[in-house]
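Hi everyone, thanks for making the time.

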Amino acid sequence: MSYASDRELAVDRTARSSRFKPWAFFAIPILAILFQVYVPLFLPFLSYLELPLMVVIYFALMRRSQVRGLFIGALVGLAQDSLSNNPLGMFGICNTLVGYFAASFGLKIDVEQPFVRLLMTFLLFFFQKFLYWVLTRALLAQPSLFDWRETAILAALNSVVGVFLYHFLDRLREDR
Amino acid sequence: MENLINRYRNFTTLILVLFAQLILLAYQVKGNKDVPLLRVWAVTAVTPIATLVEDVRSGVSGFFENYFTLRDVRSENKQMREEMGRLKLENQFLKTELSTAERAKALASFSARSPSKMVAARIVGTGTGGNNKVVFIDRGANAGVQKGMGVVTPDGIVGNVLAAYPTASKVLLVTDPGFAAGVISQKNHVRGVLKGLGYGRCRVDYVENEQKVDMGEEFFTSGDDRVYPQGIPVGKVTAVHDGTSVKEIYVSPAALEQSPEDVLVILEGVNQIVPEYQAPAKQVYLGPDPNPQAADTPTTTGPLQTTADKVMEKYKQIGEQENHKYGVNPSGARPIDFNIKLNPNAPKPAPGPVKPDAGGPPKPAPGEVIEPDVTEAPKPAPKPATPPAGPASPAPAPR
């Protein structure tokens with residue numbers, strides 16, 4: 001791809017990127033993290049929902065900016081690390097890559113379609129879990145197992161929830 | 001060059017952000033250090049909101065439940081729960097005191113001992129990420145909580161404080177793979193290290209295969225780790241079997257069986273004695289006496305079955321031949337000879353208990369020596385076809 005075509009892509013991306021109310025970029029990730037911190041206390045089965053990851057995927061897909069996507073992912077990931085028992089950076093690295101890849105996909109495909117969103121969430125959820133497992137073994141040298149069947153089921157569940165969540169988040173867009 | 005950077009601006013930014021986080025990770029992992037600033041920011045930002053949400057939730061639900069459905073029952077229930085928790089702790093303490101007093105050697109420690117100093121806290125949130133087991137409590141450094149302190153409930157240990165922030169603390173649960181605590185079994189006093197497995201159960205490591213641990217046996221804290229004082233319940237053994245070098249013991253943590261909402265942080269621990277094991281009383285069925293009147297009557301026995309019966313019968317016959325009454329051995333009396341040959345024609349007594357006084361020669365007086373009559377030979381029977389029915393003359397015992 002030539003430099004000129006990159007410029008054209010950037011212009012087109014700017015034209016197609018969604019705009020949100022400024023407070024949404026802060027409030028939605030915080031609410032997602034709060035949900036993960038607070039709700040499983042009373043409804044333990046909801047601890048399998050990765051709302052922060054869905055929020056990262058959504059903003060990265062809809063903003064169609066790789067830089068913004070990776071920064072959103074890094075910040076949300078570091079916040080998750082701060083509230084977990086992990087060293088800082090584990091979720092940060094995973095979510096940075098998720099945000100970057102989601103934004104890259106958002107540049108090339110139409111992410112308004114529910115099926116595309118479902119598929120993207122499934123793939124990126126699986127990717128994040130796999131990458132986290134690799135980092136746990138490679139960087140922390142901790143023995144852990146990767147159950148791909150369980151991860152696939154969780155990815156499917158999160159994808160379904162994600163489609164409804166994205167539909168709700170679409171209402172916060174200013175360009176609609 | 002500028003064009004190149006502009007062209008790969010996104011990718012360069014990605015590499016820089018990833019590299020920065022890798023450096024951050026390496027700094028923490030290699031140096032075993034933490035970056036408290038970011039964690040303090042995140043926890044300080046999140047836990048007050050979680051506390052506020054919890055207050056609103058409990059307030060709203062409490063309002064409806066108190067005034068529309070249960071009125072005073074809820075507050076009474078809460079009060080009774082608190083009272084029950086206090087009584088459980090008091091009961092545990094008194095049990096320990098009683099056990100110590102029974103041994104009578106620890107009166108000094110009894111008088112010197114005082115209960116652990118604790119502070120109550122409430123769980124207001126869980127940690128992020130599915131693998132680790134972390135909760136947040138609403139007491140932090142301002143309340144005297146410090147990193148490493150133990151967290152318990154009256155039912156058992158919950159975890160330990162991983163980090164203390166001004167208004168909240170992060171608690172590592174006993175089920176987290178990174179958790180470890182010294183424990184001791186109640187019955188056999190086997191020491192080990194309790195470790196989390198990442199799910200509902202824990203494992204006790206470093207117990208040799210030769211040591212004995214029973215199913216259902218309870219583990220208590222041993223106090224070796226200097227985090228938990230000795231004598232706090234941990235949980236019961238749910239599975240135990242020999243491993244390659246050490247036993248594999250699985251324990252169900254008692255405190256987490258019902259998700260705790262309120263916990264106690266041990267500010268100053270005081271060791272207690274592990275309560276003595278009391279074996280459960282086994283109920284054995286005892287039927288009523290089927291024939292109480294027949295209990296005094298002698299029982300009749302069947303034909304001789306065992307070797308013991310035959311030996312006893314032989315000795316009875318020897319006793320009759322020797323005119324010896326078992327159990328009566330006056331001084332000066334000749335001792336009985338068990339090596340004599342029995343007269344095969346001697347009548348066999350009827351099976352059943354023998355009454356020593358029934359029949360037989362007269363009882364010799366004490367000191368009297370009975371000599372066998374060797375001059376009188378037995379009269380030969382006139383070719384009897386069958387052995388004589390009457391008692392045969394005893395053969396003289398060869399001496």
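**Strands in chain B**

Let's start at a turn: a hairpin of two residues links β3(B) to β4(B). Before going on, this is a predicted model, where local features need pLDDT of at least 70, side-chain atom pairs count only at pLDDT 80 or more, and totals for chains, interfaces and linings use all residues. Residues are numbered from 1 along each chain as its sequence is written, while chains are lettered from A and ligands numbered from 1 in the order in which they are written.

β3(B), residues 150-153, and β4(B), residues 156-164, run antiparallel and are joined by four bridges. Opposite Val152(B) you'll find Ile157(B) of β4(B).

What else does β3(B) pair with? With β12(B), residues 262-268, again antiparallel, through two bridges. There, Val151(B) has Val265(B) as its bridge partner.

Now the side chains. In a regular strand they alternate between the two faces of the sheet. In β3(B), Gly150(B) and Val152(B) point one way, Val151(B) and Thr153(B) the other, and all are buried (20 or more other C-beta atoms within 10 Å of the residue's own, with C-beta atoms placed from the backbone).

Finally, the barrel: six strands of chain B form a closed one, in the order β6-β7-β8-β11-β10-β9, with antiparallel pairing. Within it, β8(B), residues 202-205, meets β11(B), residues 247-253, through three bridges, and Cys202(B) stands opposite Val251(B). Thanks, all!

Technical notes: A residue is buried if 20 or more other C-beta atoms lie within 10 Å of its own, exposed if 12 or fewer, and partly exposed in between; C-beta atoms are placed from the backbone. Two strands pair if DSSP finds at least two bridges between them.
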